[in-house]
Amino acid sequence: MGAGVSSLFFGTGAAATAAPGATGMGDLPELCAAEVLLRLDAPEICALARLNRAFRGAAGADFVWEAKLPENYRHLIGYVEGGGEEGRRRRRRAGKKEIYARLSRPVTFDDGTKEFWLEKSKGRVCMALSSKALVITGIDDRRYWTHMPTTESRFQSVAYLQQIWWFEVVGELDFSFPVGTYSLYFRIHLGKFSKRFGRRVCSSEHIHGWDKKPVRFQLSTSDGQNALSQCYLDEPGSWVLYHAGDFVASKPGEALKLKFSMAQIDCTHTKGGLCVDSVLVYPKGFRPEKVVTGRVSEMRS
């Protein structure tokens with residue numbers, strides 16, 4: 001059976017040298033091919049489109065790609081910069097496949113401190129906020145914090161903490177998310193990393209204080225959802241996503257305001273040796289990096 005399926009798609013043996021009048025997969029009506037594509041994820045559609053002309057033609061159909069786009073894609077494409085009125089007209093004329101491709105690449109806003117994109121498989125919205133979009137206690141005092149350029153951040157810069165008594169990072173986000181459940185994370189690295197002779201090295205020189213009391217993560221939304229978790233930071237040398245909580249976007253087309261924080265404000269000891277890269281919002285269950293979840297207490301309205 002496997003050989004039969006392979007010959008249908010790729011053409012082998014007699015199937016590959018059939019008479020000119022023979023019927024093959026390339027003669028499948030485009031509407032039928034499109035019905036098949038509606039049941040596939042975006043990467044599978046692109047792979048199937050390379051097989052024959054029927055799928056190639058169907059893969060450009062607007063109704064195929066509109067089914068893969070989030071319901072508020074018209075709102076999301078409005079964030080794409082460029083061209084003034086002409087740019088807006090060009091976006092209105094764009095096909096749905098073109099819109100999907102553009103939204104799958106990072107779309108920046110708020111002076112480049114925030115960006116969102118569609119994860120390519122399911123077309124779900126992901127978002128990142130740089131450390132410069134957050135309110136960090138003492139960030140302007142170089143005795144405590146420095147901005148460190150690095151290629152390990154999508155924003156090319158992280159905030160590095162040398163030492164401080166009161167550690168607190170706070171952020172807000174007002175955004176119209178497609179309906180769904182999302183998880184919010186802080187992307188954190190214990191230790192100062194650098195490149196030496198082409199190799200990545202990590203210094204633990206300034207790491208201290210994180211084993212004495214747990215860090216407290218909080219998340220709240222404008223419609224009354226709340227989440228609270230806490231955990232010790234004890235994984236030096238690599239980037240880790242610390243889970244602050246989950247929230248549900250339930251009202252299509254309506255902006256949801258998020259407030260979130262991570263803090264360790266016990267002033268009986270200092271803490272330091274930590275990099276803050278960003279805050280990330282992912283569809284629940286989507287985990288591209290290592291995730292740490294602390295003791296969680298969540299309350300929903």
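How many salt bridges does a search of the whole structure find? The count comes to 14, where a salt bridge is a side-chain nitrogen of Lys or Arg within 4 Å of a carboxyl oxygen of Asp or Glu. The model is a predicted one, so local features need pLDDT of at least 70 and side-chain atom pairs count only at pLDDT 80 or more, while totals for chains, interfaces and linings use all residues. Residues are numbered from 1 along each chain as its sequence is written, and side-chain values use heavy atoms, with hydrogens and water left out.

One of these pairs is K122 with D41, at 3.1 Å from N to O. K122 sits in the loop between β2 (114-118) and β3 (125-130), and D41 in the loop between α3 (30-37) and α4 (42-49), so this contact ties together parts 81 residues apart in sequence. (Helices are DSSP runs of H or I with at least four residues, strands are runs of E with at least two, and both are numbered from the N terminus.) K122 is partly exposed at 47% relative accessible area; buried means under 20%, exposed over 50%, and partly exposed in between, using a 1.4 Å probe and protein chains only.

Then there is K213 with D266, at 2.4 Å from N to O. Here K213 belongs to the loop between β10 (199-203) and β11 (215-221) and D266 to the loop between β14 (256-264) and β15 (274-283), so the linked parts are 53 residues apart in sequence. K213 is partly exposed at 38%, whereas D266 is buried at 18%.

As for networks, salt bridges also link R187, D277 and E289.
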